[in-house]
Amino acid sequence: MKNGTGMLLGTIAVIFLVFAGAASCEKTQALPQRGGEPADLVMNACTACHDTKRICDRLGKTDRDAWTRIVTEMVGKGASVAQEDIPRVAGYLADLQPGSPPVCK
Ligand code: HEC
């Protein structure tokens, strides 16, 4: 009886930890990362669905307005960039030289 109770408490503790871990993970994924360096935002948010080749192909050929449209479209598809960070990401990509690290290694 004593052992049974211990097992049960142990099991509950394990279940709790697993759920707590899963919940905090989900939270991190659901919330767009705010602030930080635009390079980190791009490397984190823009590599979830495709690699950076699509981005690198456009460096030096795409102005800030066009990047704003593209990034806004990608956010619409699910990219984790906060609305307030779109202008910074677009400006960063517009100024980035073709082939620049870390986006294009
Ligand atoms: C939720 C998935 C997803 C994420 C995250 C994502 N993209 Fe995309 N991206 C796509 C899909 C799907 C396409 C191809 C369809 C299209 O062109 O609309 C694409 C295409 C592109 C293209 C080529 C289209 C063009 O007009 O040249 C560029 C550039 C691009 N993405 C940049 C980005 C940037 C920058 C980010 C980060 C802000 C990003 N993507 C994040 C899904 C995503």
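**Notes on the predicted model**

1. Start with helix 2. Helix 3 (53–56) and helix 5 are among what covers the buried residues of helix 2. Keep in mind that this is a predicted model.

2. Which residues of helix 2 are buried? In this helix, residues 38–45, they are Pro38, Ala39, Leu41, Val42 and Ala45. Look down the helix axis. The buried residues of helix 2 fall within an arc of 160 degrees, so they line one face of the helix.

3. Now place the two residues in the chain. Histidine 50 sits in the loop between helix 2 and helix 3. Methionine 74 belongs to helix 4 (residues 64–77). They are 24 residues apart, so the pair links distant parts of the chain.

4. Check their accessibility. Buried means under 20% relative accessible area, and exposed means over 50%. Histidine 50 has 22%, so it counts as partly exposed. Methionine 74 has 26%, so it is partly exposed.

5. Last, serine 100. This residue is in the segment after helix 5 (86–95). Is serine 100 buried or exposed? Its relative accessible area is 14%, so serine 100 is buried. A polar atom of its side chain lies 2.6 Å from the backbone oxygen of glutamine 97.

Note on methods. Residues numbered from 1 in each chain as written. Predicted model: local features only at pLDDT ≥ 70, side-chain atom pairs only at ≥ 80, totals over all residues. Heavy atoms only, no water. Helix = DSSP H or I, 4+ residues; strand = E, 2+ residues; numbered from the N terminus. Buried < 20%, exposed > 50% of the residue type's maximum accessible area, 1.4 Å probe, protein only. Polar contact = N/O pair within 3.5 Å; in protein donor to acceptor, adjacent residues only side chain to side chain. Arc of directions from axis to C-beta. Contact = heavy atoms within 4.5 Å.
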